[in-house]
Each structure stands twice: as structure tokens, then as C-alpha cells.
Amino acid sequence: MIPLLLSLSALAAPPTAESQQLLLGVMEEELARATSELHLPDESPPWWLSYEVVDGEVTTVYADFGAVMARETRPHRVLRVESRAGDSSFDSANFAAFGEPGGVLSAHLPHEDDPVALGRELWLATDIAYKQSVEQLSRKVAELPPGDQSEEKPPAMYPVTPTVDLDAQPFTIDAPGLEERITHLSGVLAEYPQLESGVAAGSDWQGVRLLVNSEGTKLATETGYVVIRVEAVYKHSDGSRLRNGRSWVARHAGELPPIEQMEAEVREMADWLVALEDAPVLKEYLGPVLFDDAASVELYRQLAAAEFVGTPPEAEGRGMFGEAPIARATARVGRRLMPAGWRVVDTPDTPGAAGRYTYDHEGVPGQEVELVEDGVVRRVLMSRIPADVDGESTGHGRGLGSSRREAMPSNVRVEPKRSRRLKALERKGLRMAQQTGNEGLLVIRRIEPPAVTEDFDVTFMGDGPGAGLTRPYEAYLLLPDGTQQPVRGLQFSGVDRRVLRDAVMAGETADYVGVMDGPPGSERFYIGPVGGLPGAWAVPPVLISELELDGSSGGDQRVLARPE
């Protein structure tokens with residue numbers, strides 16, 4: 001459910017070139033002072049130090065059935081300091097210490113360009129981060145077993161060539177335009193009295209990312225996104241709570257679709273939801289499933305993203321019996337992930353794509369990476385967090401707030417060996433459905449994004465398999481005579497990456513669809529309706545040979561009649 005915020009308004013202005021120069025100057029001055037003077041008695045100074053400032057403005061609007069519930073426009077200037085104690089072969093980073101701080105600190109900076117005030121905040125944050133890194137190094141040395149000293153180990157972080165690029169040209173937010181879109185789209189849902197909730201939320205963030213570190217990197221790069229999300233809730237007569245949604249993500253307001261197109265999609269969403277009053281619950285389904293364009297984006301995003309990321313998890317201390325910790329990524333080079341002939345490529349600098357960027361959050365130029373060749377994973381995405389001795393960053397290190405900079409997909413394109421028309425996929429699916437005894441082919445049109453799901457799938461030993469995918473928003477049975485019978489109440493069962501190998505036929509790869517996301521894992525479920533980092537996926541509609549879904553209905557019915 002899209003939450004509501006308290007209303008707050010503030011004057012904000014985009015960062016000017018003069019403001020950037022002043023802030024960069026303060027960052028460089030404090031960095032030089034820290035690297036030369038910062039050390040505790042009997043401790044060495046940090047071997048690596050980084051300052052990152054995200055400086056810009058943001059506007060956020062929430063509306064319910066056309067009424068603005070909250071609006072906020074404010075400046076946003078946040079510092080991230082990272083201190084690493086130790087040396088380039090072994091340092092304090094990438095170690096899980098039961099929630100203890102490990103040398104990374106975030107802090108809000110003054111919005112005014114006062115060099116004294118700015119320098120003071122950097123000084124205080126650096127002092128704390130350095131002390132944390134020293135403590136973290138002590139814990140890491142105590143917990144990690146020494147291992148074979150003759151074995152060559154990865155460095156503390158992958159080395160890179162320092163970069164200097166100060167050509168930032170940020171976009172400006174469009175606060176009035178965002179509010180107009182949000183109120184208009186939520187107002188469309190007010191025309192449907194059957195709905196219990198019709199909420200729209202949007203955020204427009206634009207600014208620059210300033211980065212300086214002790215290696216000599218100095219960057220000023222534009223960063224920004226605009227996201228709009230609309231959600232409606234319908235209460236079925238049997239008490240079932242049915243949800244549906246639409247979302248749009250772009251780099252700036254000028255790349256959003258026309259308001260007429262967005263309105264048409266919202267009406268389509270509401271019409272579908274209201275029509276589910278007459279739709280049956282599909283109690284169970286086992287057989288082929290056709291994922292239409294929008295649903296296919298979630299299929300690949302939720303199941304494939306982790307298979308492309310080579311960042312290992314944080315190392316942990318020794319186990320109960322003193323065994324060495326295992327810290328390795330899910331992704332495996334050489335794993336067959338898709339059918340033969342399929343190809344997947346990630347291209348950060350894709351024109352027009354929502355996830356476009358030139359440098360990642362570590363200041364490394366984003367590289368195009370061919371992830372899957374002939375259906376097999378050939379390369380993985382990397383940040384500077386090491387996984388092997390001879391590896392390197394691919395320029396995909398990104399993260400939210402003070403979190404570590406893990407590899408994240410940017411703009412991913414999935415290309416099948418052969419593309420077929422949608423009608424061919426439907427005919428093939430119907431034949432397969434008849435072979436498995438189903439009256440029709442299940443077609444999934446849309447799946448709820450992880451950021452707004454209300455279901456948290458937790459399983460214990462002896463329980464049945466987890467869902468593996470979030471719930472379908474829209475699904476129907478395609479009958480042999482061409483009739484589309486909407487169904488409701490479905491939930492996936494036992495889905496994992498292996499179903500991607502079961503694609504028997506695919507359509508044309510569609511245009512990029514913008515998404516808001518976090519690193520693959522649980523974090524993407526907690527970013528909220530307008531949070532996260534932008535990315536994009538271009539995928540084909542796909543027919544999967546076999547999936548299992550279960551259906552259920554019912555819930556708390558309303559006691560008080562709906563007001564007329």
C-alpha cells in the first residue's frame with residue numbers, strides 16, 4: 001500500500017556550478033587534512049578515504065482520489081564518508097559484525113554554501129568513520145581465520161585508474177508538473193466509486209553526485225530520476241482485497257510519457273480491477289504460462305538479476321565449531337540460465353533508458369557487459385568489492401545511502417534466439433495446456449513490483465515451497481475459442497531461476513521499461529513506492545513450459561454499507 005507522508009514545504013534551488021566548486025573545494029581540503037593528520041595513538045591512519053556528496057533538490061507528492069494528501073519540495077544535500085583501516089591487501093571493509101558500524105557514515109550537510117559549516121560537518125563525520133573502521137578492523141582480524149598464508153588472495157578492493165571529470169549538467173525538477181500529474185491520475189480513479197483506494201505517489205529528484213577520494217578521483221556527475229506510481233484497491237463481495245497498479249520511471253520529467261497515455265493506462269487498470277467482481281478464483285493451475293510484456297519484466301528482474309551480480313556477501317566470523325566463513329555470490333559463470341541461443345547484455349550508457357549513467361557510485365566508468373551468451377552466464381557485474389584475485393570492476397557499483405557499493409544491473413536487454421509473433425506463442429501455449437489437461441492457457445499480464453508488495457513469503461523447514469515471484473496483478477485464461485476469462489486470487493508456488501531455462505518460445509524484445517530497484521535481495525522489498533535506484537529492462541514476452549500457481553479468496557467483509 002502506498003503510504004502517506006506529513007505535508008512539508010520548503011524552498012529549493014538546483015545546485016549551481018559555483019556551489020559545486022565551493023563544495024568540491026571543501027571536500028578536497030578536508031580530505032587532504034584527514035589523510036595527513038588523522039590517526040589514533042598506536043594506530044595507522046586510514047589507508048583509503050572517500051567523500052561522496054549527493055546535492056540537489058527533490059519534490060514528492062501523494063494524492064488520494066484527486067486530493068493532495070502531502071507535498072514536499074526541499075533541498076537534499078547528504079554526505080557519505082567511507083574510511084578503511086588496514087592496507088590494500090586486508091582492511092576493515094566487507095565484514096559483517098552483528099550490526100556494528102564499520103567505517104561508513106552518512107550525514108546531512110548544511111544547505112547554505114558556508115565553507116566553515118560544511119568543513120565542520122565533514123571533519124566530525126570523518127572522525128567518527130575513522131574510529132569505526134579501526135574498531136571494525138580489530139573485530140575482523142579476531143574473527144577471520146588466517147588461512148593458508150601461501151595462497152594468493154583478492155585485494156581489499158579492486159584497483160582502478162583515478163578519474164577526474166567535472167562536467168556535470170543536472171536537470172531541474174518540475175514540481176508543478178509532478179503535482180499536476182499526480183492529482184490528475186489519482187482523480188481519474190475517483191470516477192470509479194467501486195474502488196476503496198485510489199492513490200498516486202510521485203517523486204522528482206535531480207542533482208549532482210560529487211566524489212573525491214584519496215586515490216585522486218574527483219567527479220561531479222549529474223544524477224536524477226522521476227518516478228510516478230498509481231495504485232487502486234477493490235474489495236470483492238466475498239471479502240477479497242484486490243490490488244492493481246501502474247508505474248513510470250524516467251531520468252527526468254521530459255522523458256515521461258504524455259499525460260493522455262498515462263491516463264489511458266490508469267483507466268485500463270481500474271476497469272480490469274472492477275471487472276474482477278465477476279471473475280472466478282482459479283484454485284490451482286499447473287501447466288504452461290505466457291508472460292506478456294509487462295509481466296515478463298518482473299519475471300526476469302526478480303529471477304535473473306541475482307544471477308548477474310558477482311559481488312560476494314560480507315564475510316562473517318567463524319561458525320559455532322570454528323569453521324571458516326563462506327562468502328560468495330549467487331552468480332556463477334558457466335551456469336546455463338536460459339535456452340540455447342539467448343543473449344543478455346547490460347549497458348549503463350543506454351540513451352533514453354531510465355538507468356543510464358556514465359560513472360557508478362565508486363567513480364568507475366560503466367562498461368557494457370555481455371552477461372549471457374548462448375544461454376550460459378559468461379560474465380558477471382562487479383563493483384570494486386573483490387571476488388577473485390584477477391577480477392576488476394565493471395562500473396556497476398551502486399548503493400542506497402550508507403550501504404556498501406554492490407554491483408547492480410543498470411539497463412538490461414534480454415534477446416531470445418528467435419522471436420515469434422504473440423499469436424504463435426498463444427497457439428503453442430494452448431496446445432501445451434490441452435496436453436496437461438487445462439481448459440485454457442494461463443496468461444499473466446502484470447505482476448506487482450517487490451517495492452509495493454504486501455506479501456512477505458517466509459517458509460520454515462517442512463513447509464511447502466515459497467512463491468519465488470510476487471503475486472500477479474492481472475491474469476486470464478485464454479480459451480481455445482479466443483475468449484479471455486479473467487481470473488483472480490493467484491499466487492506462484494516454487495518458482496526459481498530454473499524456470500528461465502523452460503522458455504519454449506519468445507516474442508520480440510520490447511522497449512526498455514524503467515524500474516526502481518535496490519541490490520538483488522531483500523532490500524528491493526523495502527525501498528518504498530518512490531525509493532530506490534533507477535534501472536531499465538528490455539525483455540520479450542515469453543512462454544514458460546510449466547509453472548504452478550494456487551488460488552484463494554475471501555477476507556474480512558464490510559459490515560457498513562457503502563455510502564451512496
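How do the residues of the lining of the second largest cavity divide into nonpolar, polar and charged? They divide into 3 nonpolar, 2 polar and 2 charged, where Ala, Val, Leu, Ile, Met, Phe, Trp, Tyr, Cys and Pro count as nonpolar, Asp, Glu, Lys and Arg as charged, and the others, Gly among them, as polar. The model is predicted: local features need pLDDT of at least 70 and side-chain atom pairs count only at pLDDT 80 or more, while totals for chains, interfaces and linings use all residues. Residues are numbered from 1 along each chain as its sequence is written, and side-chain values use heavy atoms, with hydrogens and water left out.

**Overall chain**

- The chain has 6 helices and 22 strands; these are DSSP runs numbered from the N terminus, helices being H or I of at least four residues and strands E of at least two.
- Along the principal axes, the C-alpha atoms fill a box of roughly 80 × 55 × 45 Å.
- Of the 564 residues, 52% are buried, meaning under 20% relative accessible area with a 1.4 Å probe and protein chains only.
- Contacts (heavy atoms within 4.5 Å) between residues at least 6 apart in sequence join residues at least 24 apart in 79% of cases.

- V61 has R71 in β2 as its bridge partner.
- The hairpin of β1 and β2 has 2 residues between the strands, and F65 takes a positive phi near 50° there.
- β2 also runs antiparallel to β3 (residues 104–108), joined by 5 bridges, and V81 stands opposite L105 in β3.
- Q132 belongs to helix α2 (residues 115–143) and is buried, with a relative accessible area of 12%.
- Leaving aside residues up to four places away in sequence, Q132 touches P101, G102, G103, V104, L105 and R139.

**The six-stranded sheet**

- An open sheet of 6 strands has mixed pairing and the order β11-β10-β9-β14-β21-β20.
- β11 (376–377) and β20 each have a single partner strand, so one side of each is left without a neighbour in the sheet.
- Within this order, β9 (residues 343–346) and β14 (residues 411–415) run antiparallel with 4 bridges, and V344 stands opposite V414.

**Cavities**

- The whole structure has 2 cavities of 30 Å³ or more; a cavity is a set of points on a 1 Å grid over the protein atoms alone where a 1.4 Å probe fits but cannot get out, and lining residues have an atom within 4 Å of a point.
- The largest cavity holds about 60 Å³, a volume being the space filled by probe spheres set on grid points joined across faces, edges and corners.
- Its lining has 13 residues, with P409, V515, D517, G535 and W537 nearest the centre.
- β20 (513–517) and β21 (533–538) are the elements that give two or more residues to this lining, and β21 supplies the largest share, 5 residues.
- The second largest cavity, of about 40 Å³, is lined by R209, L211, L219, T221, Y359, D360 and G363.
- β5 (195–213) and β6 (218–235) each supply at least two residues of the lining of the second largest cavity.

How values were computed:
Two strands pair if DSSP finds at least two bridges between them. Buried means under 20% relative accessible area, exposed over 50%, partly exposed in between (1.4 Å probe, protein chains only). On a 1 Å grid over the protein atoms alone, a cavity is a set of points where a 1.4 Å probe fits but cannot get out, and a pocket is an open set with protein on both sides within 12 Å along at least five of seven lines; lining residues have an atom within 4 Å of a point.
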